[in-house]
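Reader: I have a model open and want to learn to read it. Can you take me through it, feature by feature?

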Amino acid sequence: MKTFIVVLSLSLCQLVSSITRATCTLPGAMQGKCQCQGNIVKCEDLDYIATQTGGSNFLRLEVRNSNLSINASSFDRWGLTEILLENCQLTDSSFHSGDFNGLENSLRLLSLKDNELTRLPNFLSKFTNIETLDVSGNPIHHYNFNEDVLRDIGDSLLSFSFGTKIGGTELSQWPLTLTHLVKLQELILTAADITIMPTNSFHGFEGTLLRLTLANTKLRSVPLAISRLRYLQDLHFDHNQNVGDYGVRIPLIKGFLPFLNQMSLKDDNITTFPEVLQSFDRLDQLNMDENNLKFVSDKSAKSVTQITSLSLQHSGITRIPGAIQDITYLNILDLSNNSIHAIETNDLKESAELLTLKLNNNPILYISDKAFVNQTKLRRLELKGIEIKRVPCALEAMIRRHQPGYIIVDLSNNKIECNCGLKWLFDVKNDRHTRTRFRIVGNCDTVDKTIQDYLDTDLATCPAGINCTDA
């Protein structure tokens, strides 16, 4: 019977393998430079796209980092719905009127990012159902966003990405021809030399846009045009270093952007929480990474008391800001990659709603035994790469008071000494009064085991009665 099961299992494996090979047949010229993953083909260093001699089950073709040539028969019989031709050294003259024939009605996504296009290609007009278009990383001037092309695809396009290469000067004005994208839900500007945006920049899709990214520009302030986006939910205004604190002091009346839920203000040369944030009642997630937030006042924190998720990575913070405790319902806090040296007893005392706390890659020299005593709902604590050698004693008080559930403590990239000094953690784990289960992630430095394996298998024989503070 066992022999029969083994033979049957081998036969099934062989069958699946043969089916996979059968559905992963590529033209000879593409073999060796492409690989298949289900209905996706991924290629690099490709010279040209060869015609499919038979039918094709592939729906998505990704070609990157190539010197690519395209001709009228390149996509014959491919039947693709998504095409990505990224960093392929494509220029305006790389395309011809007959290219992409056969895909007029099927293509939904096209990415031409990181090439050398100087204008929006005319062939885009043939795609009657295209929903996502990415031409970012191309030196296209504002006057080369062809109005006829945008009008032709405007009835179907939902997501549009554009912008020069970072540091490029070609795009110095906002292309007002975008007004034809009347169904647009997502707009991403990746880089531009723009210093000002007209108030009618989003005319045509002010009532449809849900997600907006404006990054790597020379804007000096948050554009007032954003206030006209009636249903905006997600705003990424990142790497706009000319903005600063003054540039986010926009005169918004409470009630504008009533659906704004997520906001990112990364690397905008900001030193405090902008007061304007208190205007957004539904703001839930805030990312202010890579700003100079060495001092955060209690007054500024009143602007963000409504949020539940806050990220302040790479912000020059030297201790956990006391103002954070004024954010009553904060569930997720990320203070990784700062210069925090200590976690004191009262630093997180009022942050009792935390579910995820990340303090990775801080040079922490001291953690109070009661640092996390009020984090009774915590599900994930990350202390990766903080240069500690011992499992913090603060875990004992937290785990003993923790609500029933499961918590992950990540101590990866530390040189943790695994010895009988960890018996206290074993005792906490096996105490019948401990209401929560937990798992320690990370490796021992003194033995070739994970900390969790050492906790489960090696500590039972250690002497009883070892306290963490005595270890």
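This is a predicted model: local features need pLDDT of at least 70, side-chain atom pairs count only at pLDDT 80 or more; totals for chains, interfaces and linings use all residues.

Reader: How many helices and strands does the protein chain have?

Author: Helices (H or I, at least four residues) and strands (E, at least two) are DSSP runs, numbered from the N terminus. The protein chain has seven helices and 20 strands. Its C-alpha atoms fill a box of roughly 80 × 75 × 30 Å along the principal axes.

Reader: How many disulfides does the structure hold?

Author: A disulfide is a pair of cysteine sulfur atoms within 2.5 Å. The structure holds four. One of them joins Cys393 and Cys468, with sulfur atoms 1.8 Å apart.

Reader: Why is the disulfide of Cys393 and Cys468 called left-handed?

Author: Look at the torsion about the S-S bond. For Cys393 and Cys468 it is about -85°, so the disulfide is left-handed. Then look at where the ends sit. Cys393 lies in the loop between strand E18 (380-382) and helix H5 (394-401), and Cys468 in the segment after helix H7 (451-457), so the pair ties together parts 75 residues apart in sequence. Cys393 is buried at 14% relative accessibility. Cys468 is buried too, at 3%.

Reader: What about the pair Cys418 and Cys444?

Author: Their sulfur atoms are 2.0 Å apart. The S-S torsion is about -85°, so this disulfide is left-handed. Cys418 lies in the loop between strand E19 (405-410) and helix H6 (423-430), and Cys444 in the loop between strand E20 (436-441) and H7, so parts 26 residues apart in sequence are tied together. Both Cys418 and Cys444 are buried.

Reader: Which residue forms a disulfide with Cys420?

Author: Cys462 does, with the sulfur atoms 2.1 Å apart. The link has -75° about the S-S bond and is left-handed. Cys420 lies in the loop between E19 and H6 and Cys462 in the segment after H7, so the pair ties together parts 42 residues apart in sequence. Cys420 is partly exposed, at 30% relative accessible area, whereas Cys462 is buried at 7%.

Reader: How do I find the buried face of a helix?

Author: An α-helix has 3.6 residues a turn, so residues three or four places apart point the same way. Now take H5. Its residues Ala394, Leu395, Met398 and Ile399 are buried. Seen down the axis of H5, the buried residues fall within an arc of 120° (directions from the helix axis to the C-beta atoms), so they line one face.

Reader: What do the buried residues of H5 pack against?

Author: They pack against strand E17 (366-367), E18, E19, H6 and E20.

Reader: Next, backbone angles. Where does Asn65 lie?

Author: Asn65 is in the loop between strand E3 (60-64) and strand E4 (82-86). Its phi is near 50°, a positive value in a residue other than glycine. Asn65 is partly exposed, at 38% relative accessible area.

Reader: Is Leu257 buried or exposed?

Author: Leu257 is buried, with a relative accessible area of 4%. Its phi is near 50°, again positive in a residue other than glycine. Leu257 is found in the loop between helix H3 (244-247) and strand E11 (262-264).

Reader: Last one: which residues does Gln185 contact?

Author: Leaving aside neighbours within four places in sequence, Gln185 is in contact with Leu158, Thr208, Leu209, Leu210 and Arg211. Gln185 lies in the loop between strand E7 (159-162) and strand E8 (186-189). At 30% relative accessibility, Gln185 is partly exposed.

Terms used. Residues are numbered from 1 along each chain as its sequence is written. Side-chain values use heavy atoms; hydrogens and water are left out. Buried means under 20% relative accessible area, exposed over 50%, partly exposed in between (1.4 Å probe, protein chains only). Contact means heavy atoms within 4.5 Å.
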